[in-house]
Amino acid sequence: MAQQSQILDGPSAAADLSSRRRRPLANRNFRLLWMGENVSLLGDQFYLIVLPTLVFHMTESSLAFGAVLLAAGLPRALLMIIGGVMTDRISPRRVMIRSNLARLAITALLTLLVAAEAVQLWMLFLAAFCFGLVDAFFHPAYRAMMPLIVEEQDLQTSNAFMQGSAQIVNMAGPGVAGVIIARLGTVVALTLDTFSFLFTSAALFCMHPPSMERPPTAARVETGAVTEPVKGRLLSEIGEVFTYIRQDRLLTILIGVVAAINLFFTGPLVVGSAALSHVRFEAGSAGFGAMLSSFSVGILIGTVSAGVARLKQPGLISLLGVASQGLFMVGIGLSGSLELACILWLIVGCTAGFGSLNFITLTQKRVNRAMMGRFMSLIALAEVGLAPISNAVAGVVADLNLTALFIGAGALLTTVALVGVSNRIVRTGEV
């Protein structure tokens, strides 16, 4: 009877699986997450445009604006791993809800201050610090949510759908925000941002993800069975994830590659492209924007392509893509025209989007759910912590020799990727 039922249900189950792969939004929890986060991301564009407007109106100083960004970046980087611990202790959904409600309160207060024309520079520093503090908890929770609400076989398509739509918002959002701010003012823009956090909080409240298995440490803490000091418990839970990663060679390689990408790639993309446009191509801001736009379009193409592809060895293919990025970066450093640089950045964006999606899906499938928040916090830390360092180093090297910046960074990135490829686990595609 069981075999008969399996035979009868087989084609229907296969068709249902194929249908869900084609339609990620058929998953109610994913649909709510997708709507909420895209609305929130669109709201973020208003803040990102309003913030420099307010700072430059008060100070006309780039240094002041950089300092405000630093005020947000420090708590975000320093507390990211703690955000991962809290995600595993509580749940991704609860941490996301609390983070969004905190963001709503910060934005609403800032909106009232701007409307009353009472905002001062120190208030912007405080708001940025608070946003960075909240982000440290939100990002690990957000990254840990997807494998909790999406079946393993649907992760690739769902990640592609989420990242692809986010990339579209990031491409179109600043322009939309700029027009609204120019026509309706900063108060309206910040009000829209405030309501975006209300919307995404409501969407999260409506979700019903399955319960997550708590790590043993967290369970003992809740029942009061642990008498170890809070600091000791926290360090113990952080130590658990490092031990877990050390025991898994593939995860160790993935962490190293993500760190290398953010250290060797981010600076040449942002600082190097700006220097190329202004110094070599003499195209100014327009040329810089063209290169970044080309890269963004490539990211979108690569993300969509990765969502469609079904690779037997995603780790191997993605690492080879990273190795090719380094070679194309060398080409960008040697390019003599803006047009060629834009084409190469487009290609680099394609490989970056393709590899990023595969890396994310691979880790979501491999990492134990009880460790997901802490592991994702390390991934996020590698991104937000190393990117400022990369930009600073790139600025120093670019002033000395702009071509050497791209050649050196590209060669190092390719080397790291090829070292990863040399590992047997990556080559065999073990998941």
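Predicted model: local features only at pLDDT ≥ 70, side-chain atom pairs only at ≥ 80, totals over all residues.
Helix H11 covers residues 249-264. At 1.5 Å a residue, its 16 residues should span 22 Å. The N-terminal end of H11 is capped by Asp 248. A side-chain oxygen of Asp 248 lies 3.1 Å from the backbone nitrogen of Leu 250. Leu 250 is itself buried. Other buried residues of H11 include Leu 251, Ile 253, Leu 254, Val 257 and Val 258. Ala 260, Ile 261, Asn 262 and Phe 264 are also among them. An α-helix has 3.6 residues a turn, so residues three or four places apart point the same way.

Helix H2 spans residues 28-59 and contains Leu 51. The relative accessible area of Leu 51 is 7%. Buried means under 20%, so Leu 51 counts as buried. Neighbours within four places in sequence aside, Leu 51 is in contact with Phe 65, Val 68, Leu 69 and Leu 124. Leu 69 lies 18 residues from Leu 51 along the chain. The C-alpha atoms of Leu 51 and Leu 69 are separated by 9.5 Å.

Leu 320 belongs to helix H14, which runs over residues 314-334. Its relative accessibility is 40%, so Leu 320 counts as partly exposed. Leu 320 also contributes to a nonpolar surface patch, together with Leu 311, Ile 317 and Leu 418. The patch has an area of about 310 Å².

Definitions and conventions: Residues numbered from 1 in each chain as written. Heavy atoms only, no water. Patch = residues over 30% accessible without salt bridge, like charges linked within 9 Å, V, L, I, M, F, W, Y side chains within 5 Å. Areas by Shrake-Rupley, 256 points an atom, 1.4 Å probe, with all protein chains shown as cover. Salt bridge = Lys/Arg side-chain N within 4 Å of Asp/Glu carboxyl O. Helix = DSSP H or I, 4+ residues; strand = E, 2+ residues; numbered from the N terminus. Buried < 20%, exposed > 50% of the residue type's maximum accessible area, 1.4 Å probe, protein only. Expected span 1.5 Å × (residues − 1). Polar contact = N/O pair within 3.5 Å; in protein donor to acceptor, adjacent residues only side chain to side chain. Contact = heavy atoms within 4.5 Å.
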